[in-house]
Amino acid sequence: MSTLRVFNHYIRLPFVLLGLIEASVLFLGVFLGVLLRLHNGFHDIAGAFGTYWVEGVIFLSVMTIAMVSSGLYQARLREGSFGFLLRLTASFLLGIVALSVIFYLFPDIFLGRGVLIIAIISSFISITGIRFLINRFDPDIFKKRILVLGSGKRASTITELRRRSDQFGFTIFGYVHLRGEQNVVSDDKIINLGVPLADFIETHDIDEIVLAVDDRRKGIPMHELLDCKMRGVDILDVVTFFERETGKIRIDQVHPSWFLFSEGFHHGPGRTISKRAFDVLASFFLLVITWPFMVLAAFGIFVEGKCNWKTPILFRQVRVGQDGRPFQVLKFRSMIVDAEKSGKAQWATKNDSRITIIGKFIRKTRIDELPQILNVFRGDMSFVGPRPERPEFVVMLSEKIPYYSERHRVRPGITGWAQLLYPYGASEQDALEKLQYDLYFVKNHSIFLDILILLQTAEVVLFGRGAH
């Protein structure tokens, strides 16, 4: 299997195994430093493990979180070797800062600079070597071999996943033409079985069948599919396939019945209480960390406004919240005061002339979003959720995009799944694409997914991806 499902969220098995291997490297790096600096050699390995295992766990935990925050366990990482080294260096620097704080607060667990230097250098070199070997050989041992049942329009959408990162967890063996279906997939990718489906699956070591038929009323070999299922082959529809592999729900593929019978969309009281507690704690923690940046941002806006006390520092705007309820969102002002003097709502665009000099910086670093912490404390927003939109846009988009109103089933958030996986959008097509990610979050939201999004949001702040 190439994916694990944790609290309804799909985690790719190759990254889980890679994370375990690299965590082991980090753990062993500490003991290498202990043996070389404190035990003067390898004659007392058992004693070193018995004495310093807690320090090893702390080191690997902090560094792993820093690596996740730097985007090193994401399939969309496409910057090449230089980009990987940049992110790895940033993650190690972030980890060193975090470890320094921990050792300052708990000096009894401090191992010494010599041990840490050895652990950091050996881990950095080892992880670089592991990633180089993976990129060099790119083994398919962790990938699922998938056979697509269908060769028409729905099946052709799978061919859109052309990039290597899009096919990180699977390889497409081929597409099977079904009787009565018009081929859209190119002929060189279509397979003529010639034998019963179950025999073909066994002969070619197929792990999974994706059902992508344009009209299910015609030609689906139900008895053969049942035979494959009983032999342990996974069978899923194309919507669930896209959900797992891309982290979004394809609007053009989904039917209302899929929402009715699919797993997810849980909104019990336990989830509501835990979500609210998480929001308050996370917001308080973020406020403690970021208040100096908020003060500097406010001062910069004030100075850029020629120190005029009548020029607003905060920007208030009506947005649509949970269940369609309006509220006033708070942000640092990043545009000129009369940005919409025409009175008509406008999307912000790339290189928007209305954005101020300070505004460009605080938008790029997401500092302009920080006042929304107050919205979280008031209960208007959650820390993690879909981006809140303006009522004018919500009315327009709800009329044109199916299921658009379903994104309001949960509280909007400061950060979210769509903000991570799709760049800043300023059109109806962008709104459609982001909705598909928002629906994934609404369907699969959990504390685990919230924490994962928060860690990956640090990548956006560090590398400035997706902000305008």
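Helices in this report are DSSP runs of at least four residues, numbered from the N terminus. In these terms, T246 lies in helix 8, which spans residues 238-246. The structure described here is a predicted model.

**Overall composition**

The protein contains 16 helices and 11 strands. Of its 468 residues, 51% are buried. The accessible surface amounts to about 24000 Å², and carbon and sulfur atoms account for 63% of this area. When contacts between residues at least 6 apart in sequence are considered, 75% of them join residues at least 24 apart.

An open sheet is formed by 5 strands in the order 5-4-3-6-7, with parallel pairing. Its edge strands are strand 5 (190-191) and strand 7 (234-237), each of which pairs on one side only. The partner of strand 7 is strand 6 (residues 208-211), and these two strands pair in the parallel sense over 4 bridges. Within this pairing, V210 has L236 of strand 7 as its bridge partner.

**Helix 8 and its two ends**

The N-terminal end of helix 8 is capped by D237, a side-chain oxygen of which lies 3.0 Å from the backbone nitrogen of V239. Beyond the other end, helix 8 is followed by G247, which has a positive phi near 70°.

Is helix 8 enclosed or exposed? Of its 9 residues, 9 are buried, so helix 8 is largely enclosed by the rest of the structure.

A polar atom of the T246 side chain lies 2.5 Å from the backbone oxygen of F242. Leaving aside residues up to four places away in sequence, T246 touches L161, L421 and Y437.

**The antiparallel pair**

Strand 8 (residues 314-320) pairs with strand 9 in the antiparallel sense, over 7 bridges. One of the bridged positions is L314, whose partner in strand 9 is F332. The hairpin has 5 residues between the two strands, and D323 adopts a positive phi near 60° in this hairpin. Strand 9 (residues 326-332) is largely enclosed by the rest of the structure, because 5 of its 7 residues are buried.

| Strands | Sense | Bridges | Bridge partners |
|---|---|---|---|
| Strand 6 and strand 7 | parallel | 4 bridges | V210 and L236 |
| Strand 8 and strand 9 | antiparallel | 7 bridges | L314 and F332 |

**A nonpolar surface patch**

Which residues form the nonpolar patch on the surface? The patch consists of V280, F284, F285, V288, I289, L374 and F377, which together have about 650 Å² of accessible area. At least two of the patch residues come from each of helix 10 (269-304) and helix 12 (372-378). Helix 10 makes the greatest contribution, with 5 residues.

V280 is located in helix 10. With a relative accessible area of 31%, V280 is partly exposed.

Notes:
Residues numbered from 1 in each chain as written. Predicted model: local features only at pLDDT ≥ 70, side-chain atom pairs only at ≥ 80, totals over all residues. Heavy atoms only, no water. Patch = residues over 30% accessible without salt bridge, like charges linked within 9 Å, V, L, I, M, F, W, Y side chains within 5 Å. Areas by Shrake-Rupley, 256 points an atom, 1.4 Å probe, with all protein chains shown as cover. Salt bridge = Lys/Arg side-chain N within 4 Å of Asp/Glu carboxyl O. Buried < 20%, exposed > 50% of the residue type's maximum accessible area, 1.4 Å probe, protein only. Pairing = 2+ DSSP bridges. Polar contact = N/O pair within 3.5 Å; in protein donor to acceptor, adjacent residues only side chain to side chain. Contact = heavy atoms within 4.5 Å.
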